[in-house]
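Let us take a walk through this model together, one stop after another. Have the sequence and the 3D view ready.

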Amino acid sequence: MAERRLAQRQGELIDRSQEVSFQWEGREVTGYAGDTIASALYAAGTRVFSRSFKYHRPRGLMCCSGQCPNCLVEVDGQPTVRACMTPVEQGMDVKHLNAWPSLQRDFLHLVGRLTPSFGMQVGFYYKTFIHPRRAWPLYEKILRNAAGLGKLDPEHRRTERFDKVHRHVDVLVIGGGEAGLEAAAEAAEQGRHVALVEEGLALGGQLAWGGPRSNGRLTALIERVNAAGVEILQPAYAGGVYEGLLVPVFQGRTMHRFRPAELVIATGSIEQPLVFGNNDLPGVMLASGARRLVNQFRLMPWEQAVVLTSSDEGLAAALDLADGGVNVLAVADSRRGADGSAIEDAGIEYLAGFQPWQAKGSKAVTGVVVTRDGEHRTLACDLLVMSGGSVGQTALVSQGGGGIRYDRDQRRYVPDSLPDGMRVVGAAAGSAAAAGAVPAQAPKTGCKQVVCFCEDVTTKDIALSLDEGFSSLELSKRYTTVTMGPCQGRMCHRNSGLVIADQLGLDPDSQRVGVTTSRPPHNPTSFSLLAARGYEPVKRTSTHHWHAEHGGKMLWAGDWKRPYDYGDGDSEVDAVHESLGLIDVSTLGKLIVRGPDAAAFLERLYPNRFGDMKLARVRYGIVCGDDGSIIDDGTVARLSEQEYYVTTTSSGAGGMEQWFTWWNAVWKMDCEIVNVTSTIAAFNLAGPNARTALSTLTDFDLSNEAFPYLGAGHAQIAGVPCLVLRIGFVGELGYELHLPAAAGEHLWEKLMEAGEPHAVKPFGLEPQRVLRLEKMHIIVGQDTNAESNPLEAGMPWIVKLDKESDWIGRYAIEWYKRRGNRLTLVGWEAQNGGVPIEGTQVVGADGQPAGRITSSRFSRRLGKAIGIAWLPVEQSEEGTAIRISDPKGSTIPATVTHKAFYDPDGERLRS
Amino acid sequence: MSTVADPFAFLSPAAAEGAVLRTPMERNHRRAGAELEDRDGWRVADYPSNGDAPAWAADISHHGKIDVRGPHAEIDRLSAGLELGRASHVDGVWTLRLSPSHAVVLCPFSRVEQLRARIASESEAICATDMTCGWAGVMLGGERVRDVFMRSSSLDVRPRRFPAGTCMAGSVMRCGSIILNDDDRFWVLCGWEFGEYMWESLLDAGAMLGIIPVSATAVLRSEVAA
């Protein structure tokens with residue numbers, strides 16, 4: 001380790017006094033605190049870090065800044081960790097990805113060797129594995145094993161906590177380079193609350209890795225930022241920019257959801273690779289990557305380097321590396337006429353106009369062939385430093401809604417229009433030094449010229465995609481997957497555009513090639529971080545735990561948890577019919593409508609009439625939309641001249657509150673709407689013994705004479721103030737008790753005690769569904785849909801077209817009335833014991849669909865399947881024989897009925 | 001029908017006689033080993049005191065709450081001209097001004113019925129509803145109260161934006177809530193049906209920050225005084 005390090009120098013990130021040991025491929029490696037996994041491994045002699053995605057070519061360090069995919073490894077079971085961005089930790093277990101049986105001897109590299117005869121070029125999946133079709137499952141298995149970056153352990157159980165935090169700041173700066181630090185300090189010095197996000201292990205960007213000359217400037221900037229009170233999140237990265245400048249920032253196991261008043265993008269620029277033969281060999285490195293290793297980690301494990309460049313950045317890199325002690329043999333500059341005097345002054349051979357042709361070597365670089373006008377030069381080296389200039393990191397600008405344009409002067413894309421609240425500074429804004437000449441396309445060689453390092457897409461693949469008709473960058477991207485890998489185009493976006501321009505004969509130095517759409521996440525991000533602590537709001541009634549503790553099978557019913565049944569739904573149905581049952585209906589929506597205009601308001605809202613209601617009475621009502629369709633139903637109780645208590649369906653509670661409030665605001669009526677759904681628990685005590693049982697808990701006169709069907713009254717029951725509604729959704733004598741939720745469990749227990757002599761049973765949702773179906777009571781949303789109007793739903797009696805006031809849906813319903821019904825909602829009973837599936841079709845005489853089953857259950861009491869269906873009017877007469885389709889291929893014979901199946905005259909309800 | 005002065009008396013747990021009143025979090029308190037003590041008919045959780053916790057949560061669902069709606073001028077008059085988003089604390093009673101036509105009054109449970117009747121009697125145009133068991137309540141406190149809150153809601157509670165004596169309505173743990181800053185102790189009022197979820201979620205959000213459950217009687221000003 002130590003012998004591969006250069007002498008200690010200001011600006012290095014490592015702490016040589018503290019050694020850190022970890023496992024790499026099962027053997028122990030020791031680095032220094034401050035090392036990344038990559039730098040420590042490099043110091044220990046590792047050159048191959050990964051195998052490429054498709055061809056399994058050996059890959060070594062290239063960018064050393066988290067931009068390329070070459071050093072993705074598995075750390076402590078987590079795949080796709082960027083080794084060059086992850087600090088070493090004592091005891092961590094690091095393994096390779098995507099190689100078998102080992103990283104050094106990967107049999108799967110034979111896939112690459114077979115190219116192109118095996119057809120491994122772009123699109124080979126589609127072209128190769130369709131014959132024979134029956135073999136696809138086998139192909140799929142093999143391909144899935146061979147492809148991908150790492151494997152997830154299906155047995156792994158997460159023990160770590162991941163968190164998400166909502167953050168508000170005045171200014172969020174993404175990027176801790178020179179421009180970002182400047183912007184952050186300036187904003188904080190104005191008294192603004194500023195947070196800065198830096199992905200790397202060191203602040204300062206190029207100031208940090210560009211050599212010792214910048215140290216003074218960097219130190220001063222960091223001191224200024226700290227003095228101004230800037231909050232620094234590091235290492236952390238912005239995963240994207242969403243609408244409203246929402247920026248998820250990932251730091252460790254925490255996702256910070258930033259909503260800044262101002263977003264400053266200071267993401268800098270990214271150095272681009274050059275495209276030439278074997279440009280992915282271990283030992284081919286970006287200039288900035290090599291400089292990071294030398295200047296920040298003090299590594300110099302090379303004997304001899306050659307620099308390949310198309311920009312001044314390569315020249316600067318050559319001088320910096322030479323200054324750091326690297327033996328730079330030559331600089332091949334593809335430009336002609338650039339000033340190479342500084343290079344020559346440093347004693348380095350300067351090869352003007354030479355461009356790279358191909359790197360030599362199999363598992364590592366041993367040399368390079370450069371060419372100019374047919375002249376070839378072969379240079380021996382073990383490090384090839386390449387610099388294809390840099391491009392502005394504008395992906396986050398695009399994601400945030402900004403526009404970008406090609407700037408010919410700078411030869412790069414720069415931000416054009418920005419959304420409110422966004423600012424771009426530094427190299428990302430295009431203010432840095434020009435990107436240099438657009439690199440010319442490398443001459444063809446027999447070697448792979450890799451454009452996309454993530455997906456192993458070569459120049460040949462892109463050319464082939466164009467030949468096959470994918471004739472633009474966006475189309476080629478979809479076909480070849482270029483720019484779609486973990487780097488999200490950082491390393492290949494520019495070069496793929498250049499290859500396409502070359503193939504299509506376009507000017508590479510123009511906007512004609514275009515750009516692809518940038519989408520989040522900007523970096524590979526763990527699902528654990530995205531999920532973090534989930535929010536799953538659950539509504540529980542006041543008796544939730546009683547149900548669960550007494551065998552209730554709790555299931556989701558909308559947002560609520562409700563008991564499906566308590567283990568024996570049939571006996572729960574029987575209990576209600578024969579003696580006594582108790583159900584929790586607290587989920588019903590409940591609204592107070594109160595004020596001088598309350599009656600008039602309800603008259604306008606419902607097709608029913610409510611102004612004529614007597615006090616202490618309840619009436620069933622439906623609510624229609626403007627188009628006359630049924631949107632909800634429930635009861636309305638008149639509690640005083642100006643006060644009504646309205647119930648809605650459970651799922652409709654929120655919507656009805658909005659509906660009521662909206663129309664109240666529109667009509668400017670003198671009434672108030674208060675949603676008391678949360679406040680009130682509600683229980684329905686039902687069955688022939690309901691009166692007897694309830695009487696033991698109250699002095700309230702429950703006799704039929706004093707409190708008849710559809711009555712409403714106030715009573716103190718077991719010490720609890722209740723509104724009692726005498727209604728019956730389940731078809732038996734019943735009392736719906738509405739009471740303060742806090743007393744819910746208390747009263748429930750008292751009711752169960754009072755019912756004990758009558759063998760009371762709690763009943764759940766499923767028994768309730770059977771019971772209501774026996775009475776042919778509809779459920780809005782199940783038996784009706786967005787086109788169901790009350791006339792066709794068999795409720796013409798509810799529609800008061802003679803009301804003086806206008807009401808919502810009146811116009812449409814009048815039209816329906818003039819038109820006449822086309823469909824009718826009817827009951828049916830099946831004869832052969834079959835129970836149709838809800839949603840299935842009624843088959844007409846001609847064998848075509850003629851109607852739809854909306855509800856279907858087997859009623860043990862009635863000994864047959866019963867249900868509700870929409871039928872054409874002409875097939876809906878009482879007694880009409882229909883056939884209902886059965887998934888088994890046959891049909892179920894049934895008969896139409898219009899009367900309730902159970903107690904059709906309602907005698908039991910009114911008893 | 002029985003004749004009642006207030007047709008909506010059945011909304012109010014204050015009218016209960018001898019009934020056990022429970023908050024939605026009672027099972028959580030029991031599981032956490034808290035004692036349940038009777039307080040005005042409510043079973044209120046009593047936790048061992050721990051004043052040094054960096055963050056704490058108390059179930060204050062039993063506190064009295066009144067929803068007040070009416071014309072702008074009436075609400076202005078009743079709230080003594082409170083600005084929107086501001087809250088006042090007078091004689092043990094909080095008044096929160098949520099919108100021009102909507103205010104919320106928080107008071108000890110023993111005073112809720114009397115106070116509601118008084119507000120309602122001020123004007124026929126005023127609609128005052130006892131929402132004591134319409135909203136479950138959690139009070140968050142401790143040095144790291146904001147850190148807990150930031151893990152629960154996207155609302156901006158930085159001191160500059162949400163100082164003491166202010167209130168707002170918004171989403172906490174994805175539930176519609178009313179939030180009051182009571183001298184850097186946050187009241188979070190949510191639907192009664194969400195009470196247990198809210199309690200569990202807030203404690204989970206604060207788990208890594210060292211949050212602990214505490215007794216309402218130890219943190220509610222009115223009850224501490226009592």
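In chain B, strands β6(B) and β7(B) form a hairpin, with two residues between them. Helices (H or I, at least four residues) and strands (E, at least two) are DSSP runs, numbered from the N terminus. The model you are looking at is predicted, so local features need pLDDT of at least 70 and side-chain atom pairs count only at pLDDT 80 or more, while totals for chains, interfaces and linings use all residues. Residues are numbered from 1 along each chain as its sequence is written, and chains are lettered from A and ligands numbered from 1 in the order in which they are written.

Strand β6 (residues 93-99) of chain B pairs with β7(B) in the antiparallel sense over five bridges; strands pair if DSSP finds at least two bridges between them. Here B:Arg97 stands opposite B:Ala103. β7(B) also runs antiparallel to β4(B), and six bridges join these two. In that pairing, B:Leu106 of β7(B) is the bridge partner of B:Lys65. How covered is β7 (residues 102-107) of chain B? Five of its six residues are buried, where buried means 20 or more other C-beta atoms within 10 Å of a residue's own, exposed means 12 or fewer, and partly exposed lies in between, with C-beta atoms placed from the backbone.

β4(B) leads us on to the other chain. Together with β8 (127-130) and α5 (195-205), β4 (64-69) of chain B gives two or more residues to the side that touches chain A. α5(B) gives the most, with four residues. In total, 46 residues of chain B are in contact with 50 residues of chain A, contact meaning that C-beta atoms, placed from the backbone, lie within 7 Å.

Now for some backbone details. Most residues other than glycine have a negative phi, and most peptide bonds are trans. B:Arg174, in the loop between β10 (167-172) and β11 (175-182) of chain B, has a positive phi of about 65°. B:Arg174 is partly exposed, because 16 other C-beta atoms lie within 10 Å. In chain A, A:Asp456 has a phi near 60°, and A:Asp456 counts as buried because it has 27 C-beta neighbours inside 10 Å.

Chain A also holds cis peptide bonds. One runs from A:Gln234 to A:Pro235, with omega near -10°, and A:Pro235 lies in the loop between β11 (231-233) and β12 (237-238) of chain A. Another joins A:Pro520 and A:Pro521, with omega about 5°.

Methods. Two residues are in contact if their C-beta atoms, placed from the backbone, lie within 7 Å.
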